[in-house]
Every structure is written in structure tokens, then in C-alpha cells.
Amino acid sequence: MTYLPLFSGYVASALATYVAVERCLSVAIPLKVKSFFTPKFTLTIVVFISLCVFGAFSIMFFIYDVVYIKSTVYNTTIAVYIYNNFYFANETAIMIYYKYVGLLLPVISFTILCTTSAVTIVHLKRHSASLYRIRDTNVSTKASQRCSQYISQREKRVVRTLLVVIVIYMINIFPRIPIYIATLIQPEFYILKRYNNLFMTTLYLIYILDFANASSHFFIFLKMSTNFRRTFLTLFSVPKQKK
């Protein structure tokens with residue numbers, strides 16, 4: 001069913017939003033958040049968000065029936081899906097609910113990603129500035145200078161990596177917004193309706209964006225994260241044989 005990868009993309013976007021919020025809080029109030037975001041808590045939240053987001057769209061799996069018809073094109077019996085009685089009895093409510101949920105979720109995710117990214121970068125810059133002030137008051141301490149310089153460079157890498165990841169997520173999320181606005185303006189712009197082919201084309205474009213988004217993270221962290229690159233090379237490097 002074409003809905004499965006689409007809804008999985010919404011789940012991934014919601015989880016990315018949670019990660020952005022968690023990173024933002026970790027930078028803004030690290031002492032209070034450190035003991036709160038435990039692995040058990042994170043797992044619970046991830047499962048909860050996944051179930052809620054996927055469950056919000058699950059009704060769409062129950063509006064179709066699969067029927068078998070004789071195809072004159074292929075000269076054989078083929079399976080096709082059609083709207084069922086449940087859909088026709090609740091068409092207006094189902095479509096309004098689905099379209100507004102499909103529009104609100106990416107808008108909310110997009111807004112939170114932008115806000116938390118901005119807050120995170122501001123706090124990192126403030127932290128970096130405070131380190132420079134500490135270094136200036138202890139110029140004679142070379143160890144302090146090296147430490148502050150290391151932390152400053154590390155924060156710059158964190159900011160760059162965060163910006164790249166967030167921008168890619170924004171690019172992935174944003175096209176969903178005009179598509180669902182279009183479905184609200186033109187009800188026939190949907191599956192099995194007048195503009196079915198056009199809608200399916202835009203749907204496959206979203207799939208391509210989701211695939212590119214999911215595939216890009218490995219290369220981003222391999223390029224921009226020293227710890228990730230070191231761990232990856234350690235795990236998958238081929239040991240040299242001694243002669």
C-alpha cells in the first residue's frame with residue numbers, strides 16, 4: 001500500500017523533531033536535562049511518538065477493499081483496490097480529518113525544527129563566547145587556552161552538522177505542506193479520483209525525498225562527525241596482516 005512509506009516519513013519527521021527538542025534542551029539547560037533524558041525515557045518517548053503519529057493516519061488503511069476483475073488489457077484476472085462502504089458512509093469526515101492531520105503535522109514539525117535549531121545555535125554561541133572570556137582572564141594558563149579552543153572548534157562542528165541535518169529535514173518536510181493544501185483546495189486531487197495520476201506522481205516525489213533524506217544522514221555524519229567516522233572506521237576497517 002502506498003500509504004505505508006508515506007506515513008513512515010511522517011513518523012521519521014516527528015522523531016527528528018523530538019531529537020531537535022532534546023538537543024536544544026541539552027544545550028540550553030544541560031544540568032537539568034542530563035538526568036531526565038535517560039535511555040529508558042528516550043525509548044519510551046520514541047515508541048510513544050511512533051505509535052501516535054502512525055495511529056493518527058491508520059484509519060486510511062480501512063477505507064479500501066481489494067477486488068479481482070477481468071482485465072481486457074492484460075487478458076487475465078487482476079487485483080485492484082476500490083473505496084469500500086465504510087469510506088462512502090464517512091467520506092466527508094474521513095477526508096477532512098486526514099487532510100488536516102497531514103497538513104498540521106509537517107507544519108508543526110517544520111516550526112519546531114526551525115525554532116529549536118535557532119535556540120540551539122544561539123546557546124552554543126553564547127557558551128562559546130563565555131569560554132573566550134574565561135580564557136582571556138586566564139591567559140597564563142595554557143591548558144585552559146587549549147581546552148577552550150578545542151571546545152570552541154567542537155561547537156562549530158556541532159553547529160554545522162546540526163544545520164545540515166535540520167536543513168535536509170526541512171527540505172524533506174516542506175513539500176508535504178503545499179501538497180495537502182492542494183488536496184484541501186481541490187478534493188479531486190487524490191487517489192482514485194479525477195487527478196489520481198498527478199497525485200500519485202507527487203506522492204512518488206515525496207518517496208524519493210524520504211529515501212534521499214534517510215540515505216544522506218550516514219554520509220553527513222561520516223563527513224562531519226569525528227567520533228562517528230572514527231567508530232565506523234574502527235568497526236569496519238580490515239586489519240593489516242603481519243608479514
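**Helix packing in a predicted model**

Of the 243 residues of the protein, 34% count as buried. The structure is a predicted model. The legends below go from the whole chain to single contacts.

**Figure 1. Overview of the chain.** The protein contains nine helices and two strands. Along the sequence, these elements follow the pattern α-α-α-β-β-α-α-α-α-α-α. Among contacts between residues at least 6 apart in sequence, 69% join residues at least 24 apart.

**Figure 2. Spans annotated as transmembrane.** An unreviewed UniProt entry gives the annotation "transmembrane region" to residues 41-64, 100-124, 162-182 and 202-222. Two of these spans are described here. Residues 100-124 are 100% helix and 0% strand in the model, and the C-alpha atoms at the ends of this span are 36 Å apart. Residues 202-222 are likewise 100% helix and 0% strand, with end C-alpha atoms 31 Å apart.

**Figure 3. Helix α1 against helix α8.** Two packed helices are described by the angle between their axes and the distance between the axes. Helix α1 (residues 3-28) packs on helix α8 (residues 196-224) at an angle of about 50°, and their axes are 10 Å apart. This angle makes α1 oblique to α8. The crossing of α1 past α8 is left-handed. On the α1 side the contact involves Tyr3, Pro5, Leu6 and Gly9; on the α8 side it involves Leu203, Ile206, Tyr207 and Asp210. The residues of this contact of α1 with α8 comprise six nonpolar, one polar and one charged.

**Figure 4. Tyrosine 204 in helix α8.** Tyrosine 204 is part of helix α8. Is this residue, tyrosine 204, buried, partly exposed or exposed? Its relative accessibility is 44%, so tyrosine 204 counts as partly exposed. Tyrosine 204 and leucine 6 are 198 residues apart in sequence, while their C-alpha atoms are 9.2 Å apart in space.

**Figure 5. Helix α8 against helix α9.** The axes of α8 and helix α9 (residues 226-236) come within 5 Å and cross at roughly 100°. The two helices, α8 and α9, are therefore roughly perpendicular to each other. From α8, the contact is made by Phe218, Phe221, Leu222, Lys223 and Met224; from α9, by Thr226, Phe228, Arg229 and Phe232. The residues in the contact of α8 with α9 divide into six nonpolar, one polar and two charged.

Definitions and conventions:
Residues are numbered from 1 along each chain as its sequence is written. This is a predicted model: local features need pLDDT of at least 70, side-chain atom pairs count only at pLDDT 80 or more; totals for chains, interfaces and linings use all residues. Side-chain values use heavy atoms; hydrogens and water are left out. UniProt positions are given in the numbering used here, feature names are shortened, and annotations may be inferred rather than shown by experiment. Helices (H or I, at least four residues) and strands (E, at least two) are DSSP runs, numbered from the N terminus. Axes are lines fitted to C-alpha atoms, for helices over the stretch in contact, and angles run from 0 to 180 degrees between N-to-C directions. Angles under 35 degrees count as roughly parallel, over 145 as roughly antiparallel, 65 to 115 as roughly perpendicular and the rest as oblique. A crossing is left-handed if the near helix is turned anticlockwise from the far one by less than a right angle, and right-handed if clockwise. Contact means heavy atoms within 4.5 Å. Ala, Val, Leu, Ile, Met, Phe, Trp, Tyr, Cys and Pro count as nonpolar, Asp, Glu, Lys and Arg as charged, and the others, Gly among them, as polar. Buried means under 20% relative accessible area, exposed over 50%, partly exposed in between (1.4 Å probe, protein chains only).
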